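Good morning, everyone, and thank you for making time for this. I would like to walk you through one structure slowly, so please have the display in view while I talk.

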Amino acid sequence: MEIIIKGGYVFDPINGVKGEKLDIGVKDGKIVDPSKLDERNAKVIDARGKTVMPGGVDIHSHIAGPKVNVGRLLRPEDHYISFIKAITGVKRSGTGKTTPTVASIGYRYARMGWTTVIEPATPPLKTRHTHEELNDIPILDKACFPLVDSNWFILDYISKGEIEKCAAFVAWLLDAIKGYALKLVDPGVAELWSQGKGYGLDLDDEIPSFGITPREIITGLCKVNRMLKLPHSIHVHCNRLGIPGNYSTTLETMRALEGMGDGITIHITHAQFNSYKGDNWPALRSGAPEIADYVNAHEHVSIDMGQVIFGGATTMTADAPFEFALFHMTPIRKWAGSEVEVESASGIVPFKYKKKSIVNAVQWCIGLELALLIKDPWRVIPTTDHPNGGPFTRYPRLISWLMSKKAREEVLEKINKTARRRSVLPDIDREYSLYEIAISTRAAPAKLLGLEDRKGQLGEGADADIAIYDLDPTKDLNDPDRIVKAFKYAYCTIKNGETVVMNGKIAKTSYGRTFYVKSSVLDEELMKGVVSEVKQKFKEWYTVQFSNYIIDESEIRHPEPLVMGG
Amino acid sequence: MMTVTLIPKEPFKVLIDAKCITPDEFAGKSLEEINSLEVYEGSLVRKLGDLFVIKGDPEDNVDETRIVIEGDVWKVCRIGEKMSGGSILIKGSAGHYLGRWMQGGRIEVRGNVRSWLGAEMQDGTIEVFGNAGSFVGGRLRGKVGKKGMKKGYIIIHGSAGARVGHGMVKGTIIIDGNSGPFPGSEMMGGKILIRGDCEGKAGANMIGGSVIICGRLPSVLPGFYIDDIAPKAKVKKEKIEGPFYVFVGDALASRICGGRLYIHKASNPHLKVYEELLEEV
Amino acid sequence: MNPLKVVLVTGRTVEQGIEGEAGKLREKYAKKVAVVELDAKDLKLLGIDEGRPVLIKTLHGEVVLRAIAAKGRHPGIVFAPMSPWINIVIGSETDGSGMPTFKGIEAEVYPTDERVLSIEELLKKYYGQEISSSELTSQELAPKNGSGGEQLFKDVVCPFCGCLCDDVEVLVRNGAIVEVRKACAIGSAKFLGHRKERALHPLVRKGGTFVKVSLNEAIEEAAKILANSKYSLLYGWSSTSIQANALGIELAEILGGVIDNTTSVCHGPTVLGVQGVGTVRATLGQIRNRADLIVYWGSNPLNAHLRHLMRYSALAKGVFVPGRKQRKVVVIDVRETPMAKMADLFIKVKPGQDYELISALRMAVKELDIEAEEVAGVPVEKIYQLAEIMRTAKFGAVFFGVGVTMSPGKDETLENIIRLVQDLNEWTKFVLCPMRGHFNVTGACNVSLWMTGYAFGIDYMRKFPRHDAAIWTVTELLSNEDVDAALIVASDPLAHLPKRAAENLTKIPLIVVDPRFNVTAAAARVFIPSSFVGIEKEGTAYRMDGVSLRLKKVVDPPEGVISDEEILSLLIDRVKKLRGV
């Protein structure tokens, strides 16, 4: 299948293309030099007056796994009014807005021109479930991050100072459950939650059962990450998420990883939820300026926003004590808590963000402040921590806020006035250019994930994942609603060289790849020794057999391992 | 007021989804257009005219629109959904979701109805001469808070199933016969009158409103406290002779105990033991 | 004479499990399940000896069963194993939950001279169905000779119940299973018995009787039935892999019909409870490692989850709780079961009043006054005592079973028990875990959820998923004759549904896909034999706590018998062509 996309305004930051009119060629699922294709054989897409970008890459979105599925179970009401009808042979049906089903996830991302999405938190013991859901999400390429911060094996090795063995365990784990990167959520909190504690766990508090602190967990895993040459840095949901005053913990966390090496050593996820100043909820203020200052001055940190969108949401995180606390704070009295032996915990609480709520309004400002005050678009990714801050389907609206001060002001006028007064957002004039949007939604996440050779770019040899938007960068950019519409319904989305969306409608259902990491950096003897130790403890700790814990490649629809080192 | 009459052509074999059978859909349309309205006969997309013989004179005005269904529509669901005015008379039995989200007007059913009659009703009147299934005037599953029946009047001359008035915010529901278990579950306001017996578990999780039971209630839930003996109960200007034991609760939903159960004293001699607790105060 | 007025409870037993797995058309099955347990005192009141037939009568019907003496004491309560016999007297009212009342039903017992019907007679009398000759429908696979050699499979996952024990060892010799180690009696019986009572040929009813046909012809007939139906029901799914289930969901979407799984007659109320208030869960290992208080509510693991105690709860060795001595076990049930005898505290609750007991317990936990001396037959002091035991535990776990879901109260009871556990979390660690019955009913819920947004009872009439337990569940649809065709995969609804629903199932064109010619197959128009998932076919199943495991293939299926997955794929292709999509 050959395609030529003609005459579009191309934005390809990894290759330094900033809106020039270029043709893009596609052959056998890859980007090729269009001049080598025969127009008579190829499908020609007229992209004149339109924007052409690599397919979007979402670095953090809760799209699959046991927690996501319990979220669906919890919220039938989220499915009654939001649905996609099936057209046999073209698309499957789906339901749900903040707890969408697999088809709704795949199609809605594709319709926005996104083609790669990461599930950022899966408990290893239940990751087979995560993969089975990922298998069924149409179109997208994906990966998942196993939760590691409260894993007994890891805590045990770190507490004994056995970082090499810890690294060997992590290497084994990633391959065993087909994971991509290391996820830490309120590091160590799940272990405390097993005893009903953990709310407010701070960086230097001790976790009694192992005698170590979250700081040691984070730095230990950062070392492991670098030893294994993993493609993405550790991905961290900082301690004290959601608690007023937590910005200091976030700063301390970032400081803890100074001098750990070159490049990005920590990715702070949904940083908005961890940028709070003030002693209590009524006094909530933004700590975004301080966080932004730090990020601007230190190049080892990347973040994603975790922007809240006014309206309904479903909070779901592995931060179990926080979710339990939230259950008490919301009028919607539903809470789904869960724990996984040896590994992790989670909580789900439906939520609604209200413009007139001082807290929610401050939260809304913080996310945008972070993205606008941090200067380097390669290190700040727009997300809503779907579905915690809001559904990913609101990304187009989020993009318009980044690109248009006017669009921000329209919202600022309607929010709680005290929150507005407390925020620096009204004073920020910066507007993202379309090029910067291309960086932060495509090039940067691909790079942070270590996938930039094939994702987030339109150079020859890259995967042919392309989004064409009905947006003329020479004319349309001063109308925020135009921007929203363009990103909401892509003119055309190409995935792996196939046209899957045309005129904002699903044209075809395909199934993408699942990336995972195999690290062969470490010494074989070390690996063998650690695996043998793990097998011993397994019997005592787990209720499944060691051999059944391991997920085989054949269980994944299109497995795509990345081999690091060796 | 002009009437549009629908006569089922053949007995229905499977569930039918006919949310188009409302005065709002019919008003302003020609008979031909009404015949072409889309319905689902199971998985098959059909026209209303495929399933019904349609006669009469459609009106321009919703409030003047009167629909009469001559026959059994036990399998036909979503009739009267969201209607804002006019009337529907069903000379037979009707299916699920009858009058769901109704905003006004009147529905009358000579036969029985299935589940979710008048679910999340906003206003209007529904009168059923036969029996009703579960969740009469109920709030849909999974929803919480003030999403239930807001206003309106439902009367069932026969008996009703479980969960009458689930999540009710306001309005009135009268059951002339008996009711199944859990009437008034999660009730926030409004009134439910059961003239017959109640299978049990009345007022579970209620925080407001009243459930009045004239017949037998096997027991009172633990979250309720005896508060008074009232000589009468009042529903829509009708005074019902008591005396009634008055219980407040459900303490498990709210310590304020804003909900009330009126249980007829004479029909419930086994509840006499609560009188001692009243005397203690 | 005057009948004995009792409360009827139906449920699982070990023998019902073993014999049910081995084949329900056998005499031995009837012998073990067409019985009713009466308290010795009640037998005396009736003036009959154990072993004599009695007539059980409820509002919904009457049936003759053989009376046996109960092991425990429960005067006024009679217990009958789940079976096609007792379902004759079960009603199909679900109170909007999709779940019939299988427990806590008012009944009368009369002595009688009539005898217990055989399965053939029962099917004929109540459902107008004749069972075909057994040569067509059940054969024992011929022993395999030759040099297949011997292979020991370790870490095999047992495909029987929600425990999904994965430490089973299966010894295969010459392609046949000869020994099973570590599995419980029922699991072992399933592995060892897989060669018996097998249906080997696709069958289609022609002129009223079953005829052997080719697979193609059977698929064609089945596809025609489905493609020509206006509104079909695809039901079962809990005893097969999620891979097969996913294809079933696809087929339902193509047909615009309904897909429901056995959750609706098992833990459907639990799902509905979660929809209302949420849940508090932990994996079985977390419970095993930490729980110093185990509560079994309406659940008798010794009947249907035989290794549960040893592997996951009361008797298990946990990291922080070494064993039984360090755990307190509470059993709450309507009658004293063998499990109750093992408990440190047994609380007998009046049938149908679990809801009230839970409410009172919640009142006690929250330190609110209870204005009664007794609730649900339990003295209030005992309730306060139990509340204190729960509040002061370090880590409590409630395992609850169909004793709670099938009794009056249903989904409201479940909401209440979840709320109780949520309330307890103010004081200490407390979780719950439903005792899921079939080995992959949890998987059926999970795959349904991620594909449709709902766990069971899903309609595709309008080409997108809708769910309502009061409408689109198997009992409601069949009792009300709302569908005009049915495909049953990996389940035996004719043996498990109340009479009216079962009866209506026999009136519509029916396709059955199952390794055995089961009771439902007797009423089918098309029967297609399939392989046993977890023995002859690999696939994924989900344990009661949501952990998913890979079921293994240890032997080949019989010649010519393919898997559910393959049958469904063929059906999907054929139905698409017939419907022109």
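A word on conventions before that: residues are numbered from 1 along each chain as its sequence is written, and chains are lettered from A and ligands numbered from 1 in the order in which they are written. What you see is a predicted model, in which local features need pLDDT of at least 70, side-chain atom pairs count only at pLDDT 80 or more, and totals for chains, interfaces and linings use all residues, while side-chain values use heavy atoms, with hydrogens and water left out.

Let me begin with the cores. A nonpolar core here is a set of buried Ala, Val, Leu, Ile, Met, Phe, Trp, Tyr and Cys residues joined through side-chain atoms within 4.5 Å, where buried means under 20% relative accessible area, exposed means over 50%, and partly exposed lies in between, with a 1.4 Å probe and protein chains only. The largest such core has 316 residues, and the members that touch the most others are A:W172 and C:W297. Helix 6 of chain A, residues 163–176, gives the most to this core, namely eleven residues; helices (H or I, at least four residues) and strands (E, at least two) are DSSP runs, numbered from the N terminus. If we leave out residues up to four places away in sequence, A:W172 touches A:M527, A:V531, A:V534, A:F538, A:F546, A:Y549 and A:I550, contact meaning heavy atoms within 4.5 Å. There is also a second, separate core of 83 residues, and among them are C:I86, C:I88, C:Y126 and C:F527.

Now to the chain contacts, starting with chain C and chain B. Here 43 residues of chain C are in contact with 44 residues of chain B, and the two chains bury about 3,700 Å² between them, 52% of it on carbon and sulfur atoms; buried area is the accessible area (1.4 Å probe) that two parts lose on being put together, summed over both. Eight salt bridges are found across this interface, a salt bridge being a side-chain nitrogen of Lys or Arg within 4 Å of a carboxyl oxygen of Asp or Glu. One of them joins B:D17 to C:R466, with the closest N and O atoms 2.8 Å apart. On the side of chain C that touches chain B, the largest share, six residues, comes from helix 14 of chain C.

And what does the contact between chain A and chain C look like in numbers? It takes 55 residues from chain A and 64 residues from chain C, and the area buried is about 4,900 Å², of which carbon and sulfur atoms give 51%. The count of salt bridges between these two chains is four, including the one in which the side chains of A:E191 and C:R290 meet at 3.6 Å, N to O. Strand 18 of chain A, residues 335–340, gives the most to the side of chain A that touches chain C, with six residues.

Is B:K91 buried or partly exposed? It counts as partly exposed, because its relative accessibility is 38%. Not counting residues up to four places away in sequence, B:K91 touches B:V68, B:I69, B:E70, B:G71 and B:R110.

In general, side chains of opposite charge can pair when their charged atoms come close. C:E21 forms a salt bridge with C:K190, the closest N and O atoms being 3.8 Å apart, and this pair links distant parts of the chain, with C:E21 in helix 1 (residues 14–22) and C:K190 in helix 6 (residues 185–192) of chain C, 169 residues apart. C:E21 is partly exposed because its relative accessible area is 21%, whereas C:K190, at 7%, counts as buried. In chain A, a network of salt bridges links A:K30, A:D141, A:R454, A:K455, A:D463, A:D465, A:K495, A:R513 and A:E560.
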